[in-house]
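Please find below a short note on the structure, arranged as numbered points for a reader who is new to the subject.

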Amino acid sequence: MVDVALVHYPAEAERLERLRARGEPRLVVVEHGLPPTTDDWLEDWLRTPVDEDEVRIRLQTLRARARQHTDELVLEDGVLRVGRHVVVLPPIQARLTAALLERRNAVVSRDALLRRGWPDEKPKDRNVLDVHLARLRRLLTDTGLQIHTVHRRGYLLRTEENGRTPE
C-alpha cells in the first residue's frame with residue numbers, strides 16, 4: 001500500500017517541502033491562513049476542523065494517484081524511469097530491458113533476448129545472457145520490477161504487485 005503523509009500546515013511547512021522534493025504523496029491539513037499553492041497532483045489539502053470521512057476519501061484518492069505515478073514505465077536513451085525511480089542502464093542491459101518491456105507480463109525467449117542484447121553477433125558463451133540478466137536484476141532491485149526465469153521458456157518481466165513467481 002502507498003503511504004500518504006498527513007502534514008499540518010503551516011506548522012510543518014519545512015516537512016511539506018521535504019516531502020514535495022522526494023515526490024511523496026501528502027495530504028495537507030491547513031490549520032490557519034491560506035493553503036500552500038502547488039500544481040502537484042500528489043498533494044491535496046483541507047481545512048480544520050476536518051471531517052473524518054473527507055480525510056478518508058482524500059487519502060484514498062491520493063493513494064490511487066500515487067499508484068498510477070508508480071506504475072509509469074519509460075525507457076529512453078538507456079535511462080529507465082519507474083515511477084519515482086531512475087536507473088541508468090549500461091547498453092546491453094538497456095537493450096535487454098527494452099525487449100522485456102515490449103512484452104511485459106509475457107515470456108521472452110532466451111533467443112529473442114540474445115538477438116536484442118547482441119544484435120551484431122550472438123555470444124558464444126551461453127552464460128553471458130545469465131550474467132547480464134543477474135546484473136539487470138540488481139539494478140532493478142528498488143524499482144518494483146522483477147525478472148522471473150520461466151523454466152525452459154525464457155524470462156518474464158513483472159511488477160511485484162502482479163503476484164507470485166510463475167512456475
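Which residue forms a salt bridge with arginine 110? The points below begin with the answer.

1. The partner is aspartate 130, and the closest N and O atoms of the two residues are 2.8 Å apart. A salt bridge is here a side-chain nitrogen of Lys or Arg within 4 Å of a carboxyl oxygen of Asp or Glu. This pair links distant parts of the chain, since arginine 110 lies in helix α4 (residues 110-117) and aspartate 130 in helix α5 (residues 127-139), 20 residues apart. Helices (H or I, at least four residues) and strands (E, at least two) are DSSP runs, numbered from the N terminus.

2. The model is predicted: local features need pLDDT of at least 70, side-chain atom pairs count only at pLDDT 80 or more, and totals for chains, interfaces and linings use all residues. Residues are numbered from 1 along each chain as its sequence is written, and side-chain values use heavy atoms, with hydrogens and water left out.

3. Arginine 110 is buried at a relative accessible area of 16%, whereas aspartate 130 is partly exposed at 29%. Buried means under 20% relative accessible area, exposed over 50%, and partly exposed in between (1.4 Å probe, protein chains only).

4. Lysine 122 belongs to the loop between α4 and α5, aspartate 111 to helix α4, and the two are 11 residues apart. Lysine 122 counts as exposed, with 52% relative accessibility, while aspartate 111 is partly exposed at 41%.

5. Salt bridges that share partners also join Glu17, Arg20, Arg26, Asp40 and Glu43 into one network. In the whole structure, a search finds 13 salt bridges. One of the pairs is arginine 22 with glutamate 24, whose closest N and O atoms are 2.7 Å apart. Both residues are partly exposed, arginine 22 at 46% and glutamate 24 at 26%.

6. Strand β1 pairs in the parallel sense with strand β2 (residues 26-30) over five bridges; two strands pair if DSSP finds at least two bridges between them. Within β2, arginine 26 stands opposite alanine 5.

7. Together with helix α1 (residues 13-22), β1 and β2 make a right-handed β-α-β unit. A crossover is right-handed if, with the strands pointing away from the viewer, the path from the first strand over the helix to the second runs clockwise.
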